[in-house]
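Welcome, and thanks for taking a look with me. Below are some numbered notes to read with the model open beside you.

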Amino acid sequence: MKRYTILTILTFAVLTMQGQTDTIRFTLSECIDYAFANSYERQSMEMNVRQQEESLKGAKLAYAPSISASLGENLNHQGTSDDVHFGGNASLGANLSLYNYNTLRNIEQQKIILRQTQYQNEQYDQNMVINILREYVTVIGEMELIRYQEKIVSTSAQQVTEGEKKYRLGAILESDYLLLEAQHATNETNLLDSRNSLENSLLELKILMSMDPTKPLTLELPTDETIEGLKTLPSRDYAIEQGLKNMPTMHLTETTLELAKQGLKVAKGGYVPTIGANAQIGTSHSNFENFGEQLKNSFSQSVGISVSIPIYDRSQTATQVRKAKLSIQQAELDRQQTELDVRNTMTQAYTNVETSLAKYDSTTKKYQAWQKTLDAYNVKFRLGAITTVDLLQQENNFISALNEYIQAKYKFMMDREVLNIYMGE
């Protein structure tokens, strides 16, 4: 299977150890490589390819000559005589298929089946990659959210400390101070929930990777430059064209059509003669007197060619031909439907990227605006120019914008890379 160059997210670092915790730090491509290497189901599917390769070798060997030898000794006794006679024979023969239409067609069928099996593996790999990608993006999104939430908790802790001083000095009401404490507790709870969610998502990722669930794992976060690079989109027509060329489901339906066409050729094989050749040498003896002379005098050789010509098979071949033609028509309809499905899939995937990119851009501006607003309100609060309620309202607006921004950011990354996978890039 061709290697998916799916994400340009994090192209550095193979395996590194972090501190004393022996935590494995993976990029997405390393997650995929690990899954490919450790998935028992994938290894089983690779065995199917090997088995089909052996089937193809066996089909090709049908044209090799078959050679057999026989040796025999016997004892003969007749009537009431006491005479016992010994006799024996030996022969070596070979048969060679000079022309067998069905054997040729079987070889072609096995070649197509081998490609079909390989495409089935590609389809499995594609689904595995997409599933790992989804969970990977979920994890790094939660990691980034936690990073921001930790800063929010630290900031709210400082606000509680400052609020306590103001309360003791009579600069704010007790209710304002309690609001600060309540907000800090809420921020801590949100952080705890996010950490628990991250652990669950990491577990799901480990399961997809066939990794020991007790093994510590962390992931690299993408840089801003990486995400900006994903904003360069191919044209819609190019994306659809690449999807039609590279989607395994398209290849599978095409091989099904090829097999149907081969089935017609096989059916027509009932009209075609077969030609073979044979050769044999042998000798015999009737007793052990003059044994060598007997073998010499009995030594024989033969060679021949045989032709088998079908004449009438009760219209069985004609029936098979008609059925094979119907199978071709059905396979062609399936191919056309699959092509339509792929076009629809690629069009939807491309639309998803456009939509998620637009949302990512808008939520980025919204997040940046609320961040600046919150920074200004923090200054005003420290100077006593606004109330606690005003500050907490702006903080909640910022947190809401932050959540939307992170969700939109990784939704865009997910949609963009799924499009790349469908395009075979």
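1. A word on burial first: a residue counts as buried when its relative accessible area is under 20%, as exposed when that area is over 50%, and as partly exposed in between. Please also keep in mind that this is a predicted model. With that cut-off in hand, take T253: its relative accessibility is 9%, so T253 counts as buried. T253 sits in helix α7, which covers residues 248-268. Setting aside neighbours within four places in sequence, T253 has contacts with D334, R335 and T338.

2. Now step back to the whole chain. How many helices and strands does the chain have? There are ten helices and seven strands. Of the 425 residues in the chain, 39% are buried.

3. The overall dimensions deserve a look. Along the principal axes, the C-alpha trace spans about 140 × 50 × 35 Å. The radius of gyration of the chain is 38 Å, whereas a compact globule of 425 residues would have one near 22 Å. As for contacts with a separation of 6 or more, 81% of them join residues 24 or more positions apart.

4. Next come the helix pairs. Two packed helices are described by the angle between their axes and the distance between the axes. Let us begin with α1 (residues 28-38) and α3: their axes come within 10 Å and cross at roughly 135 degrees. That angle makes α1 oblique to α3, and the crossing is right-handed.

5. Which residues of α1 and α3 meet? On the α1 side they are L28, C31, I32, A35 and F36, and on the α3 side D125, M128, V129, I132, L133 and Y136. By class, this contact of α1 with α3 holds ten nonpolar residues, no polar ones and one charged one.

6. A second pair is α6 (residues 236-246) with α9 (residues 316-382), which pack at an angle of about 135 degrees with their axes 9 Å apart. Is α6 parallel or oblique to α9? The angle makes α6 oblique to α9. The handedness of the α6 and α9 crossing is right-handed.

7. To trace the contact of α6 with α9, find R236, A239, I240, G243 and L244 in α6; they meet E339, V342, R343, M346, T347, Y350, T351 and E354 in α9. Sorted by class, these are six nonpolar, three polar and four charged residues.

8. The crossing of α3 and α9 is left-handed.

9. Where α3 meets α9, the α3 residues are Y148, Q159, E162 and K166, and the α9 residues are Y367, N378, F381 and R382. The contact of α3 with α9 divides into three nonpolar, two polar and three charged residues.

10. Staying with α3 (residues 101-169), have a look at T103, which is found in this helix. Is T103 buried or exposed? T103 has 14% relative accessibility and so counts as buried. Apart from residues up to four places away in sequence, T103 touches A59, A62 and Y63.

11. S210 is not a glycine, yet has a positive phi of about 60 degrees. S210 lies in the loop between α4 and β5 (217-219), and its relative accessibility of 34% makes it partly exposed.

12. The other serine is S315, which also has a positive phi, about 65 degrees, although it is not a glycine. Which loop holds S315? The loop between β7 (300-308) and α9 does. With 37% relative accessibility, S315 counts as partly exposed.

13. Last, turn to helix α4 (residues 174-209), where D193 has its place. D193 is partly exposed, since its relative accessible area is 43%. How far apart are D193 and L219 in sequence and in space? They are 26 residues apart along the sequence, and 19 Å apart in space from C-alpha to C-alpha.

How values were computed. Residues numbered from 1 in each chain as written. Predicted model: local features only at pLDDT ≥ 70, side-chain atom pairs only at ≥ 80, totals over all residues. Heavy atoms only, no water. Axes fitted to C-alpha atoms, helices over the stretch in contact; angles between N-to-C directions. Helix = DSSP H or I, 4+ residues; strand = E, 2+ residues; numbered from the N terminus. Parallel < 35°, antiparallel > 145°, perpendicular 65-115°, else oblique. Left-handed = near helix turned anticlockwise from the far one by under 90°. Contact = heavy atoms within 4.5 Å. Nonpolar A, V, L, I, M, F, W, Y, C, P; charged D, E, K, R; others polar. Rg over C-alpha atoms; globule rule 2.2 N^0.38 Å. Buried < 20%, exposed > 50% of the residue type's maximum accessible area, 1.4 Å probe, protein only.
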